[in-house]
Amino acid sequence: MTPSISRSDAAQRRTPPLGGLSATFLGLELRRMMRNRRTVIFTLILPGAFFLMFGANAAVKSERAGVGNVTAYIMISMAVYGAMLATTSGGAMVSIERAVGWSRQLRLTPLNPVAYLCIKLVLAMSLGLASVVVVCAVGLLAGAELPTGALLTAVFLAWSTSIVFAAFGLFMGYLLPSENVMQLLGPVLALFAFAGGLFIPLDQLGRVFGTVAQFTPVYGVGVIARWPLQHDGSLGIAVLNVAAWTAVFAVGAGWRFRGDTARV
Amino acid sequence: MAENPNTPAVELSGLSKRFGTVVAVDDVSLRIEPGEVVAFLGPNGAGKTTTIDMLLGLSRPSAGQVRIYGGTPRWAVAHGVVASVMQNGGLLKDYTVAETVRLTASLYRPAEPAAEVLARAGITDIADRRVGKCSGGEQQRLRFALALLSNPDLLILDEPTTGMDVEGRRRFWAALGEDSRRGRTVLFATHYLDEADAYADRIVLLRHERIVADGTASEIKSLAAGRTVRAILPGAAKSKLAARPGIESVQVRGDTVLLTGSDSDAVARHLLTRTAARDLEITSRNLEDAFVALTADEPASAVDAHQRTVDQGTLV
């Protein structure tokens, strides 16, 4: 017979430290995320492939942009795009977990809902960092030129400002309970990226479009991430843009999150 | 909080839940002592799942209170005092069975060893299988393994053996029975009347959002139909027998009388000591008959049954 479990003393029972946020939990979640082929393709392969299509030809390699070449410019833009895709899909994992009822299962454990939210945020940002690093590694191999200090600063800025999309992903994750939420969000992100000047520099699209673009959520992230390479656009507006959109998405996510934990 | 032996495992007082104008649970009060195995039985829509949701803190009562070992449902869940196997609890397809157990174990202090709960749930051999490739019964056993991780004082099971084959079901109940003998309290909702009959110390019958009966399986059976007392009694006076308290119906067929009533012992005693009755036989209906009788839409008898339950409840 299997050994029986003896009755425990309730006084010995504890809630988990940090509400359940632990290296074990994060490690298992990261491994699961990497097992999802679609996530890997969309966040780690697609942005690098886009970069190779647009940024690796001889013409852009020889053209200068700020302290580096245009290849570096496109590399950073694609790193931002990768970070967007990665952090959004990281945040949007919530919607899949809600759709299949895993969130409900977790609600029957000591996992604190705020700790759960933090875990998803850490996962989204980790995936975002991986995406930025992959694009930049491909970029350097393919001829991107920029000083090391500028490169490292750009990597850090592209990654850290993508928190706006982690918030966006979480907001959408709590708003749309669907197993295929990224099929909806992928095109939306592409539209945002286009409007924010990641695919085509905004000064090539005319004054009116350029002005409107400043209010879209990718504009600020792009300007800030490229700032170590080339000062295009207004840094003040860019910072304001990122702050405002992060606030909007975070408030939205918080609102849906509270509704979710109250009901379930 | 669980050290005090007088603290009930579960205490529901005046529990109600309304969704708009729809009443899902209506003024349910229930006390379950530590170590009891209680079956929640009732037709669909009787309020079983809504009551369980409130017990687990998944939904807030419109009125009344839930106490688990003296604490709130939130406290009990956060400390692993209560665990549950839900009928439709979600699992992630991309994890293996063992990973799901390790992930959940990371949330409990203390936690049982993963290998032990896998063995107890009988899924050691499929530990490395992806959850998405497991059958419904295997997934249900995984949920059971997860529920054992905190070594909970109270285990709540909503239709726990759905999707299991006969052998799986038998092993499941054997494992549970062993636990409850060591003091674990178990509350389970089930469709299977035979499971309630075979494994529960006590059956709580819900109908139309209320508790209509509460007692052991044999008490429930006698509540519903009463037992039938049959005897040979030549020249029986039907009206005289029918006038006795505790006798609900009298049939006379030749020399044979058939009497039904809630207290068959009293009827039998009367027949044997005060009349010339012989060849006395007492038969009870099975639980299924009781279930149908108690949950059927016949207001008078249900109210009657409920009244008797309340009377009996004061004795418990």
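This is a predicted model: local features need pLDDT of at least 70, side-chain atom pairs count only at pLDDT 80 or more; totals for chains, interfaces and linings use all residues.
In what order do the six strands of the open sheet in chain B stand? The order is β5-β6-β7-β3-β8-β9, and the pairing is mixed.

From one strand to the next the twist averages 20 degrees. Within the sheet, strand β6 (residues 154–158) of chain B runs parallel to strand β7 (residues 185–190) of chain B, and five bridges link the pair. There, B:Leu155 stands opposite B:Val186 in β7(B). Helix α5 (residues 136–148) of chain B packs on the sheet, where it touches β5 and β6 of chain B, and its direction makes about 180 degrees with that of β5(B). Helix α11 (residues 287–295) of chain B also packs on the sheet. This helix touches β3 (37–41), β8 (202–207) and β9 of chain B, at about 35 degrees to the direction of β8(B).

Another group of strands in chain B involves β12 (residues 256–261). Strand β10 (residues 227–232) of chain B pairs with β12(B) in the antiparallel sense over six bridges, with B:Thr228 opposite B:Thr260. Strand β11 (residues 249–253) of chain B is antiparallel to β12(B) as well, joined by five bridges, and here B:Val252 has B:Val257 as its bridge partner. β11(B) and β12(B) form a hairpin with two residues between the strands, in which B:Gly254 takes a positive phi near 65 degrees.

In a regular strand, side chains alternate between the two faces of the sheet.

Next come the nonpolar cores. The largest has 154 residues, and those touching the most other members include A:Met75, A:Ile76, B:Ala145 and B:Leu205. Helix α4 (residues 70–99) of chain A gives the most to this core, with 18 residues. Leaving aside residues up to four places away in sequence, A:Ile76 touches A:Ala154, A:Ala158, A:Ala225, A:Arg226 and A:Leu229. A second, separate core of ten residues includes B:Leu259 together with B:Val229, B:Val267 and B:Leu271.

Last is the contact between the chains. In it, 33 residues of chain A are in contact with 38 residues of chain B. On the side of chain A, the elements giving two or more residues are α1 (23–35) and α5 (102–107), and α1(A) provides the largest share, five residues. By class, this side has twelve nonpolar, 13 polar and eight charged residues.

Key. Residues are numbered from 1 along each chain as its sequence is written. Chains are lettered from A and ligands numbered from 1 in the order in which they are written. A nonpolar core is a set of buried Ala, Val, Leu, Ile, Met, Phe, Trp, Tyr and Cys residues joined through C-beta atoms within 7 Å. A residue is buried if 20 or more other C-beta atoms lie within 10 Å of its own, exposed if 12 or fewer, and partly exposed in between; C-beta atoms are placed from the backbone. Helices (H or I, at least four residues) and strands (E, at least two) are DSSP runs, numbered from the N terminus. Two residues are in contact if their C-beta atoms, placed from the backbone, lie within 7 Å. Ala, Val, Leu, Ile, Met, Phe, Trp, Tyr, Cys and Pro count as nonpolar, Asp, Glu, Lys and Arg as charged, and the others, Gly among them, as polar. Two strands pair if DSSP finds at least two bridges between them. Axes are lines fitted to C-alpha atoms, for helices over the stretch in contact, and angles run from 0 to 180 degrees between N-to-C directions.
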